[in-house]
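Subject: A structure for you to look at

Hi there,

Here is the structure I promised to pass on to you. Please open it next to this email, and then read on for what turned up in it.

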Amino acid sequence: MRRAATKKAEGTSEWSRRRLLGILAAAVAVAVLLLGGLAYAVYLAIAGIGDEASANTGVATGETDRSTVARGAAHRDEIAAEPMLTVPESAAFPAETTSAKAPEIKIPTGTGINGPAFVMTGFPHTPEGAIGQLAQIDLAVLQSMSLSTAEEVYNAWALPGGVRTEDWWITASVRAFLSSTGMGEVKDPSASVTLEPAAALVKGTDGSDWATVCVLMKVSATYKSEGEIAFAHCERMQWVGGRWMVAPGAPPSPAPATWPGTQLAHAAGWRTWSTDHTTEPAHPGDTEGEH
């Protein structure tokens, strides 16, 4: 009996690529279930939509028309809560890409200057600028995998009226990753997490100062093994004080985490990320014309 117990203990201490992938998947799943799923459930309850009706509801795959006139809070709630394509957890893992080319979305560059909480800022007053800013917010938090960094970034970039810091989608993902690996509140120095923006979409807009946008990233993690997974994130964004910030309101419905370039990613409406270098300012910090 003692020998068997020893073997079991040794087996549970071994790290493998499969285990790391499982932890990465868990970080995504926790955020989806605890935050996105709850927000959508509340929306269905308020709207009075039953199971049968919701089953026949179309899914959002990106906006078709841009709103030039703001219609208000109710319209914004509808945009944020509109369900997106539901995909299996396995869709986030590396998979064969399709030969069909997805439409591109040109994302502007920032100024290269760090703004509040050391997050790069200087993105233009466009929905694509909101995508660029959201990606930088995600990069700052997820690459550090630190709960204190998540709190600092959220407090600096979120307007009042949204979820609490500890309930933010990205904070939940960081907490799940750290908990699953037993790291405590900060990432182990031997671990590394890198992100690469791969696709994005504009889910909807309400006037020129508000948009719900989504980013899809390739996440590579190393901790006693290596693994990759796709991470998807949508946020309400609002233009305030010359920058895009996380807007108030319930979190948008979960974005489909699909491996970039797959047929399923195309079906979900993801557009291939293309950096628009023509938006680079002539001089660092020169963004007055973008306000």
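As background, strands of a sheet pair through backbone hydrogen bonds, and they do so either parallel or antiparallel.

Before going on, please keep in mind that this is a predicted model.

**The overall picture**

The protein has eight helices and six strands. If you follow the sequence, they come in the pattern α-α-α-α-β-α-α-α-β-β-β-β-α-β. Of its 291 residues, 47% count as buried. Among contacts between residues at least 6 apart in sequence, 72% join residues at least 24 apart.

**The sheet**

Six strands make up an open sheet, in the order β1-β6-β2-β3-β4-β5, with mixed pairing. At the edges you will find β1 (104-108) and β5 (243-246), each of which pairs on one side only. From one strand to the next, the twist averages 45°.

**The helices beside it**

Now turn to helix α5 (residues 127-142), which lies across β1, β2, β3, β4, β5 and β6 and runs at about 35° to β3. Helix α5 also meets helix α6 (residues 147-157): their axes come within 9 Å and cross at roughly 155°. Angles over 145 degrees count as roughly antiparallel, and α5 and α6 are therefore roughly antiparallel to each other. On the α5 side, the contact is made by Gln133, Ile137, Ala140 and Val141, while α6 brings Thr149, Ala150, Val153 and Trp157. Sorted by class, this contact between α5 and α6 has six nonpolar residues, two polar ones and no charged ones.

**The disulfide**

How many disulfides does the structure hold? There is one, formed by Cys214 and Cys234, with their sulfur atoms 2.0 Å apart. This pair links distant parts of the chain: Cys214 sits in strand β3 (residues 210-222) and Cys234 in strand β4 (residues 226-240), 20 residues apart. The torsion about the S-S bond of Cys214 and Cys234 is about 105°, so the disulfide is right-handed. Are these two cysteines buried or exposed? Both Cys214 and Cys234 are buried.

Enjoy exploring, and write back with any questions!

Best wishes

Key:
Residues numbered from 1 in each chain as written. Predicted model: local features only at pLDDT ≥ 70, side-chain atom pairs only at ≥ 80, totals over all residues. Heavy atoms only, no water. Disulfide = S-S within 2.5 Å. Helix = DSSP H or I, 4+ residues; strand = E, 2+ residues; numbered from the N terminus. Buried < 20%, exposed > 50% of the residue type's maximum accessible area, 1.4 Å probe, protein only. Pairing = 2+ DSSP bridges. Axes fitted to C-alpha atoms, helices over the stretch in contact; angles between N-to-C directions. Contact = heavy atoms within 4.5 Å. Parallel < 35°, antiparallel > 145°, perpendicular 65-115°, else oblique. Nonpolar A, V, L, I, M, F, W, Y, C, P; charged D, E, K, R; others polar.
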